[in-house]
Amino acid sequence: MTAALVWFRRDLRLTDNPALSHALNDRQQIIPVFVHAPEEYGTWTPGAASNWWLHHSVTALAAALSKRGSRLVVRCGSSIETLRQLISQCGARRVYWNRCYEPALQRRDKAVETALEDLGILCFKFNGSLLYEPGSLQSGAGRPFRVFGAFWKACQRLPPQPEPLPAPRRLPPVAPDLQSVSIEALQLLPRPRWDAGLTQAWTVGEQAAAARLAEFVSGALKDYPTLRDRPDTFGTSRLSPHLHFGELSPRQIFHAINQWQAVTPSAGSIRATEAFLRELGWREFAYHLLHHFPQTPDRPLDSRFEGFPWSRDYLDALRSWQRGRTGYPIIDAGMRELWSMGWMHNRVRMIAASFLVKNLRVPWVEGERWFWDTLVDADLANNTLGWQWSAGCGADAAPYFRIFNPILQGRRFDPDGTYVRKWVPELATLPAKSIHQPWVAGAPTLRRHGIVLDRDYPPPLVDLSESRRHALEGFQSIKTSPRKLPPGRVP
Ligand SMILES: Cc1cc2nc3c(=O)[nH]c(=O)nc-3n(C[C@H](O)[C@H](O)[C@H](O)COP(=O)(O)OP(=O)(O)OC[C@H]3O[C@@H](n4cnc5c(N)ncnc54)[C@H](O)[C@@H]3O)c2cc1C
């Protein structure tokens, strides 16, 4: 047996981990390694909520490895230097890892590979986080797909997903003299501690991810097509942070969902399976787009939007939005949910993003950055797609003139106001008919409920129809030139 490093990154699990399984199949004496090098993420270093999750996820991985007789070696510093050092300390001749797809991390990985190969080290790389390798699919014209429907159809024509790989039962021990820093030393937890809401909302790690998947499949999945848009229920899986950190693979989800469908065959279960897998498909599409258009976390895909007349003086409006004080209860509920638990329901993400970009005319990158710092599932591909979609400047985006009306959206998707009551407690006693627009209830009614507008809850930050008109005028000013999309990196 020769020594080999298994370099854990965005694959913090033992089940269905191709790098780990291949290293074991190759009969290697494996040394599991985690290297903390946030500066290697370029301008998108992980935010505070992500770091909180990472701390707990690495802790859970370390515990799972030691239960099987191994040990996670944790180090801090440049990946190239750290891996080189480890190789010289343990005599490893091979390094195994699962690929990352963020542009900065791809560049980092390429540099690592070149440096290690110069030392005569063999590098083995796998796809551990996506159903389909980005770059492997192209349209009939040989171009990257820009329309989700066509992309997803092409994915479904590909061979079926292989079965997930089992977790190893036992792992070889790691020599005690191979030094590791403590996970606390990575300083991932916030100072001062503001993470009580996150701790209350989430259990982190591979085991928790598997439990959440099982709970979703046996519970909410059957109603997913009808309840997935309702923030007032537990209608979605909440698997996004587990998926982002690779505590479970999309392949495990794919098989769990299909197995459920096979044992509960009905038109309803087929519909639910298709609807849910389609959302996983959006995740695949996001990675496909990031691969072909690596500039899009910072630049609009549709270059006409480079010249959009954003509001010049938007800091106060941005701050009100961030703090959940826009005066539109469904948005404020979402922004407070985000602040408290590091997550927001997808429907509310769309409403809140549309409001920021269109009604407040704040540049979409400001919203993208705020989500990046506050979401536990912050994901460069998905966040970029979500914001460019909302702003109307991405691939297959919402047309610019589609501007969500937060009052109508609230009434439709939170009809009793349950969601608003939970996150905006100062409005909790208002009746359903005024909870999505408290100002129309009139001062005397509001007073009866203990609310004085401006003192307890803000009046609307902007008038919806006037701000909508300004947004559409802004769009008219850039619309004169035809829609311009770059050709994209050809596979
Ligand atoms: C402005 C905006 C920003 C977003 N930022 C992120 C982000 O940083 N990270 C992130 O994971 N998702 C992001 N999303 C997509 C989506 O909101 C979340 O993936 C979803 O809310 C996660 O909840 P869930 O796991 O319960 O989803 P479910 O409905 O249970 O879906 C299952 C999985 O499918 C994937 N998925 C679902 N919807 C989408 C979508 N629209 N785009 C891409 N993948 C999707 C996710 O991995 C999700 O976990 C964003 C959406 C918007 C509108």
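## Where the ligand lies

Domain 2 (130-163 + 208-291) and domain 3 (303-479) both contribute residues to the shell around the ligand, so the ligand lies between them; the domain bounds come from an automatic or database assignment. This is a predicted model, in which local features need pLDDT of at least 70 and side-chain atom pairs count only at pLDDT 80 or more, while totals for chains, interfaces and linings use all residues. Residues are numbered from 1 along each chain as its sequence is written, and side-chain values use heavy atoms, with hydrogens and water left out.

## The shell and its contacts

The ligand is surrounded by 28 residues, of which Y224, T236, S237, R238 and N346 are the closest; a residue is near a molecule if one of its heavy atoms lies within 4 Å of it. At least two shell residues come from each of α9 (240-244), α11 (267-292), α14 (346-359) and α16 (380-391), where helices are DSSP runs (H or I, at least four residues) numbered from the N terminus.

Oxygen atoms of the ligand lie 3.0 Å from a backbone N or O atom of L239 and 3.1 Å from a backbone N or O atom of D379. In the side chain of N383, an N or O atom is 3.1 Å from a nitrogen atom of the ligand.

## Two backbone details

R191 and P192 are joined by a cis peptide bond, with omega about -5°, and P192 lies in the loop between α5 (148-156) and α6 (196-201). D16, although not a glycine, has a positive phi of about 50°. Most residues other than glycine have a negative phi, and most peptide bonds are trans.

Technical notes
A polar contact is a pair of N or O atoms within 3.5 Å; within protein, one must be able to donate a hydrogen and the other to accept it, and residues adjacent in sequence count only if both atoms are side-chain atoms.
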